[in-house]
Amino acid sequence: MNSIQMSDLLAFKGSFSVRKTELPYGRQWIHKEDIQAVADILRGDYLTTKSVIECFENAVAEYTGVRYAVAFSSGTAALHGACFAAGIEKGDEVITTPLTFTSGVDCVLYQGGIPVYADVLLDTFNIDPESVEPLITEKTKAIIAEDFAGLPCDAESIRAIAKRNNLIFIEDASHSLGAVYKSRRIGSFSDMIMFSFHPVKHITAGEWGVIATDNEVYYEKLRQFRSHWITKDVNKSTVHSKTLYYEMQFIGRDHSITDIQAALGLSQLKKLKKFIKIKRKYAKIYTQEFKDMEEIICPGQPDNIFSSWHFYVIRLNIDKIAADRKDIIEALFKENIGVQVNDLPVYCNPCGQGSGYIKGSCPNAEKLYEEMIILPLFPAMSKNDVIDVVRAVKKAIS
Ligand SMILES: *Cc1c(COP(=O)(O)O)cnc(C)c1O
């Protein structure tokens, strides 16, 4: 037992908590230059010009190493746009992971598609390519894979399966902006990749989602889907052309964003590298502290795949612990550590995302959901905060 544990054994029932104030599991980190960038927009004449938004889209495309990016009002709206651009229609099947945020499945349902669940790998929490291929039928149109907790999915294998079967590969990279897969930044293996800029993600634009793609056809569809399906191009006009003319060619939606968000996102993007570096350092501390404990299984880190560490997720080895996960979580709350559990396997929700799926359908996803605890990890936390989490976890488990 090391010194961290010795000093804490008395605390959790009654006496002192490891921390006096609550540590959240994630939060944004805003600096004065971010505030300045937003204020500059607010002082200007327009709040929704195109130029700042295009600057941000271009910056994301460049960062990802693809040609195009289209920003949407949220990651959820962006995924909906991707399903639309992919041509998902009523009755089409989309193979996806059940261990994901609900919008990764809702986007299929919005289009009338049918989600088909492949199981995940126990060591990475990501979709298992071997469980994808047997699910392909003549109705399958696309595969959606998430990079769980910031660790890229096995994009090369999924891309190969998609190519062989003429499917579209959509990557949900809400957690993994800045992650590296086989020496390349993620984004070039999938047909469309989605990044979310919700405040709890790596960097924020208030809310916001972006689809990055190399495909010009998807790019055009995404832009029109976002903004009312407006065309001002008289050559495409179906009625008489005149100046100041525009028309709606399909029933559209408004998933637009503002310059306020774009300015914040642009300013935050400059700090992404630094944020990820800090998170990597903290993740390393967690791994060092927990890797030899038989009660805890640390997240897997496959060779040549580098997580950008959206969060740090441990698994409890329940057989080795006298308490169950609920007790451990309650003990951690008492220590003022804001832990989290995400992603009830999507088909277990009561709102109808899994017709035909019953408990036991994807055993690995269900097992991970029962075992996981997400620990705080965000760049604005200090090394002392990380040590607090380590102490609290060791205390709760002992
Ligand atoms: C955050 C998130 C989304 C999209 O969320 P928005 O809040 O709509 O930006 C989608 N998938 C996953 C895995 C997420 O974590």
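Student: Is D147 buried or exposed?
Tutor: D147 counts as buried, because its relative accessibility is 0%. Buried means under 20% relative accessible area, exposed over 50%, and partly exposed in between, with a 1.4 Å probe and protein chains only. This is a predicted model in which local features need pLDDT of at least 70 and side-chain atom pairs count only at pLDDT 80 or more, while totals for chains, interfaces and linings use all residues. Residues are numbered from 1 along each chain as its sequence is written, and side-chain values use heavy atoms, with hydrogens and water left out.

Student: Where is the place of D147?
Tutor: D147 lies in the loop between β4 and α7 (155-165). Helices (H or I, at least four residues) and strands (E, at least two) are DSSP runs, numbered from the N terminus.

Student: Which residues does D147 touch?
Tutor: Leaving aside residues up to four places away in sequence, D147 touches N126, P152, C153, E171, D172, A173, H175, S176 and I186. Contact means heavy atoms within 4.5 Å. As for A179, 32 residues apart from D147 along the chain, the C-alpha atoms of the two are separated by 9.2 Å.

Student: How many residues of β4 are buried?
Tutor: Six of the seven residues of β4 (residues 140-146) are buried, so the strand is mostly covered.

Student: Which strands form the sheet with β4, and in what order?
Tutor: Seven strands form an open sheet in the order β1-β9-β8-β5-β4-β2-β3, with mixed pairing. Two strands pair if DSSP finds at least two bridges between them. β1 (68-72) and β3 (114-117) stand at the edges with a single partner strand each, so one side of each has no neighbour in the sheet. From one strand to the next, the twist averages 25 degrees.

Student: What are the bridges of β4 to β2, and to β5?
Tutor: β2 (residues 93-96) runs parallel to β4 and is joined to it by four bridges; E93 has T140 as its bridge partner in β4. β5 (residues 168-172) also pairs with β4 in the parallel sense, over five bridges, and A145 has E171 as its bridge partner in β5.

Student: In which sense do β8 and β9 pair?
Tutor: β8 (residues 192-196) and β9 (residues 209-213) pair in the antiparallel sense over five bridges. The bridge partner of M192 in β9 is T213.

Student: Turning to the sheet with β12, what is the order of its strands?
Tutor: Three strands form an open sheet in the order β12-β14-β15, with antiparallel pairing. β12 (296-297) and β15 (372-375) are at the edges, each with a single partner strand, so one side of each is left without a neighbour in the sheet. Helix α11 (residues 325-334) packs on the sheet and touches β14 and β15; its direction makes about 15 degrees with that of β15. Axes are lines fitted to C-alpha atoms, for helices over the stretch in contact, and angles run from 0 to 180 degrees between N-to-C directions.

Student: How do the axes of α11 and α13 cross?
Tutor: The axes of α11 and α13 (residues 383-397) come within 9 Å and cross at roughly 135 degrees. The two helices are therefore oblique to each other: angles under 35 degrees count as roughly parallel, over 145 as roughly antiparallel, 65 to 115 as roughly perpendicular and the rest as oblique.

Student: Which residues meet there?
Tutor: I328, A331 and L332 in α11 meet A392, V393, A396 and I397 in α13. The contact residues divide into seven nonpolar, no polar and no charged. Here Ala, Val, Leu, Ile, Met, Phe, Trp, Tyr, Cys and Pro count as nonpolar, Asp, Glu, Lys and Arg as charged, and the others, Gly among them, as polar.
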